[in-house]
Amino acid sequence: MEHIVIIGNGISGVTTARHIRKLSDKKITIISAETEHFFSRTALMYVYMGHMKFEHTKPYEDWFWKKNRIDLKFGFVSSIETKSKTIYFENHDSLQYDKLVIATGSKSNKFGWPGQDLKGVQGLYHKQDLDNLEIYAPNNKVCKRAVIVGGGLIGIELAEMLNTRNIPVTFLVRESSFWNGVLPKGESEMINRHIKNHHIDLRLSTNLKEIISDENGKVKSVIIEETGEEITCDFVGLTAGVSPNIDFLKNSDIETNRGVLVNRYLETNIKDVFAIGDCAEQREAIGNRRPIEAVWYTGRMMGETLAQTICGNKLQYKPGHWFNSAKFFDIEYQTYGWVFSKPKEGHQHFHWKHNDDTKCITIEFDSETNVFLGINTFGIRMRHEVFDKWLTEKRTVDYVMQHLVEANFDPEFYKHFEKEILSTYKNQLQTV
């Protein structure tokens, strides 16, 4: 019986295993050194915030794996020998495979800062990070101040988490405005104000120089690059992005760049070895997408696609229109299609902001053809399938504005803003 081994029990690896099981009777083994059972990584923050317990983050009961004949092996992979199709573990154990799926996800970036490996300095990605937070930042007596380094989505999540336990937070952001490499100016500035309204000490255009240790090898302060200022703290969150977790492949024949290099079928350069999720890097980027996408839903889609290929129905990975969502404290964010921080050449932005400073939208469209290319929404929920359809149908921006109400997903009794948005649009662009 063909043995499929999957390294990594995140959303990508587990989706692959589940779909292979739906399609076949192959022997399946999932290897993980993080947790015994699959959990929802995106829910980690809610465990710390007290909204749920860790066991609530497990989408499947512990008996699910045995019932579905998916073997779980807890262990740390040290190397892979592709010629003999053997996986070696840190404890000198080994395992043979017929087909191998690498789904090892990401690790938090470290940029060689002095003191980056001290106790109380960490990212927010793994279950172990959550456990360490409870040691170094359980409350504001043990942790009198936390410093967060890096202004992406994980940084703002960590700021919100610490804020719920009344731990003062200083937030160091290298850019001149929060996430301004991704968000247009108006949105980025609105989020700056929203962060400060939550009493977060937001420091823009600020870099970390070094992290200072106390006599026990634990963080006691950080030094700011630009000013030399020393900020006393008990915890440092490193949230300047993530990178593929592939160190164990260094001495293998599997080709890597930043991630494990794959083609459209998620195949590596070695027969019967595949890579998916955060650790996979497309040899040629798909459309405007980045070659590495550390996004939950693309990991799931890759898993579904690869399961088909492994079970004899060879499928190309086609992620469709870009979308994503996140939360900035109280403001929900969604994006469909492509909205760049500055409109691409030949494109234009339409921006509307509510005067309460917590709701806005930005639409990017083609200046010549008026074709709708993408939308960012803050504080207003929109339906994914509606925008997906409009992007496929290449609808004009005028059409989208006239039909915006069809896309609204806010519950009953929520205030709607379509009329106000449409009238701003008419005034700004004198069309429709």
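**Reading salt bridges and strands**

Author: Glu 229 has a relative accessibility of 33% and counts as partly exposed (buried means under 20% relative accessible area, exposed over 50%, and partly exposed in between, with a 1.4 Å probe and protein chains only). The model is predicted, so local features need pLDDT of at least 70 and side-chain atom pairs count only at pLDDT 80 or more, while totals for chains, interfaces and linings use all residues. Residues are numbered from 1 along each chain as its sequence is written, and side-chain values use heavy atoms, with hydrogens and water left out.

Reader: With which residue does Arg 203 form a salt bridge?

Author: A salt bridge is a side-chain nitrogen of Lys or Arg within 4 Å of a carboxyl oxygen of Asp or Glu. Arg 203 forms one with Glu 229, and their closest N and O atoms are 3.0 Å apart. The two residues are 26 apart in the chain, Arg 203 in strand β12 (residues 201-203) and Glu 229 in the loop between β14 (219-224) and β15 (230-232); helices (H or I, at least four residues) and strands (E, at least two) are DSSP runs, numbered from the N terminus. Arg 203 is partly exposed at 22%.

Reader: Which parts does the pair Asp 25 and Arg 69 tie together?

Author: These side chains meet in a salt bridge of 2.9 Å, N to O. Asp 25 lies in the loop between α1 (11-23) and β2 (27-32), and Arg 69 in the loop between α3 (64-67) and β3 (70-74), so the pair joins parts 44 residues apart in sequence. Asp 25 is exposed, at 55%, and Arg 69 partly exposed, at 44%.

Reader: Where do Lys 127 and Asp 131 lie?

Author: Both belong to helix α4 (residues 127-136), four residues apart, or about one turn of the helix. Lys 127 is buried at 16%, whereas Asp 131 is partly exposed at 35%.

Reader: How many salt bridges are there by this rule?

Author: The count is 28. Glu 2, Lys 26 and Lys 99 are linked in a network of them.

Reader: What is the strand order in the open sheet of three strands?

Author: Strands of a sheet pair through backbone hydrogen bonds, parallel or antiparallel; here two strands pair if DSSP finds at least two bridges between them. The order is β4-β5-β6, with antiparallel pairing. β4 (77-81) and β6 (94-96) are at the edges with a single partner strand each, so one side of each has no neighbour in the sheet. β5 (residues 86-89) pairs with β6 over three bridges, and Ile 87 has Leu 95 as its bridge partner in β6.
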